[in-house]
Amino acid sequence: MPKIPDTLPLDLTSSIISCEKLFTLFLGIALVFSSYASHLMGGQISATYLSSDSTGSHYVLDLEVYRDMLGIPMSLNQTVEVYLLDTTVFPPTYSLSFSHTIAFDTTTGGAMSSLSSVYGVEIYNFRDTITFPANGNYMIKWSDCCRNAAIINMANPSSESASFLTFISVDSSNPNSTPTFLTPPVAYLPVDSIWQYNPLPFDPDGDSIAWSITVPLGAGSPVPVDVLGYGWLSDTLLYSHPNGIFSIDPITGQITWNPKMVGNFVASFAIQEYRNGVLIGGMSRDMQFIVVPDTMNAMPQISNMQTLPTNNLGYPYIQIIPGQNFQVSLLASDPDINDVVSLAAYGESFGLAVAPSNFNYVSTGNGNEIEGTFAWTPDMSHVRPNPYLVVFRT
């Protein structure tokens, strides 16, 4: 599994932002691929540290689950199991510490119209606080049945559960939050076209993180087992064109794929986090990719990314001095003049408590072309050796 370097060769007196052109999304709708779907399409678990006292360490737990709107509705109460790991033996043993029921989060969750109206996908966010009673290594687990029956790269998806895991080292004297992904996990993409997407792996504590592609998990207790008959999307005989094998960039987390066939596919991704060279946590996320025909539709484009400076590895890379107002403008359009184009941006800098970045876009009046503007005036507190990654999606 690749590891992000702890330092980068740059001036440590500057704040940095690395701007990536990452995602070109085919917006055509083909509901035929969802019409016989049954349920689960992806999701993840994350845990964010709050505080510690005599009763234990308190965390905010977020469970995010995606389902097909034409499938079985989800219960608005979900249960997670929390296991304590004994790492003094090999293999480690798991003992159930507690179970916790978390309710649908009406403040941040729900069926998002931007997805449900276009993709036929509902996003369920469940949020609550939990308390780990003692220091130790824990596994948080959520599992439910069943997966979308339309999935091609599993032997029997309609009878397979979906399980999400998060591992975390809890230490009241050395607080730790789990890593997570910052961009949504369900995506449509065109067949026979090189396509890019970034789930944007991120660690809120600034720990070193590494990521990899893994096998999705099914049922099993306490540790779920791999789903049966899983087909890797990197298989060039079945799923990938040789000029666009399904892969993940070890530096940015960007996924590249040129799919061979139409249909529903699932991939799973894992993040591991390291502090001072020691593995202290990790999590998994399932993503469903829906590949649709693309015989008549053109791909939207960001036309001026080549104007951005790059680093020695070829990545778009910009240095900013604290207190300096920085702006970068991106032009997006689509050759299909009747199509509506939009832009979105994701990244750590948008969630900063002090002086966050912002992004908006407006029509240029030239057909369906739009201009998106990323703006940020970083504070001195934002100075660090590692870059801030920003994903732009059209």
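Biologist: Is glutamate 122 buried or exposed?

Modeller: Glutamate 122 counts as buried, at 13% relative accessibility. Buried means under 20% relative accessible area, exposed over 50%, and partly exposed in between, with a 1.4 Å probe and protein chains only.

Biologist: What kind of model is this, and how are residues numbered?

Modeller: This is a predicted model, where local features need pLDDT of at least 70, side-chain atom pairs count only at pLDDT 80 or more, and totals for chains, interfaces and linings use all residues. Residues are numbered from 1 along each chain as its sequence is written, and side-chain values use heavy atoms, with hydrogens and water left out.

Biologist: Back to glutamate 122. What does glutamate 122 form a salt bridge with?

Modeller: Its partner is arginine 67, with the closest N and O atoms 3.0 Å apart. A salt bridge here is a side-chain nitrogen of Lys or Arg within 4 Å of a carboxyl oxygen of Asp or Glu.

Biologist: How many salt bridges does a search of the whole structure find?

Modeller: Six. One of them joins arginine 384 to glutamate 348, with the closest N and O atoms 2.8 Å apart.

Biologist: Which parts of the chain does that pair link?

Modeller: Distant ones, 36 residues apart. Arginine 384 is in the loop between β23 (370–376) and β24 (388–393), and glutamate 348 is in the loop between β21 (344–347) and β22 (358–363). Arginine 384 is partly exposed at 22% relative accessibility, while glutamate 348 is buried at 17%.

Biologist: Which residues are linked in a network of salt bridges?

Modeller: Asp205, Asp207 and Arg275. Arginine 275 and aspartate 205 meet at 3.6 Å, N to O. Arginine 275 is buried, with a relative accessible area of 16%, but aspartate 205 is partly exposed, at 35%.

Biologist: New topic. How many helices and strands are in the protein chain?

Modeller: One helix and 24 strands.

Biologist: How much of the chain is buried?

Modeller: Of its 394 residues, 53% count as buried.

Biologist: What about contacts between residues 24 or more positions apart?

Modeller: They account for 71% of the contacts with a separation of 6 or more. Contact means heavy atoms within 4.5 Å.

Terms used: Helices (H or I, at least four residues) and strands (E, at least two) are DSSP runs, numbered from the N terminus.
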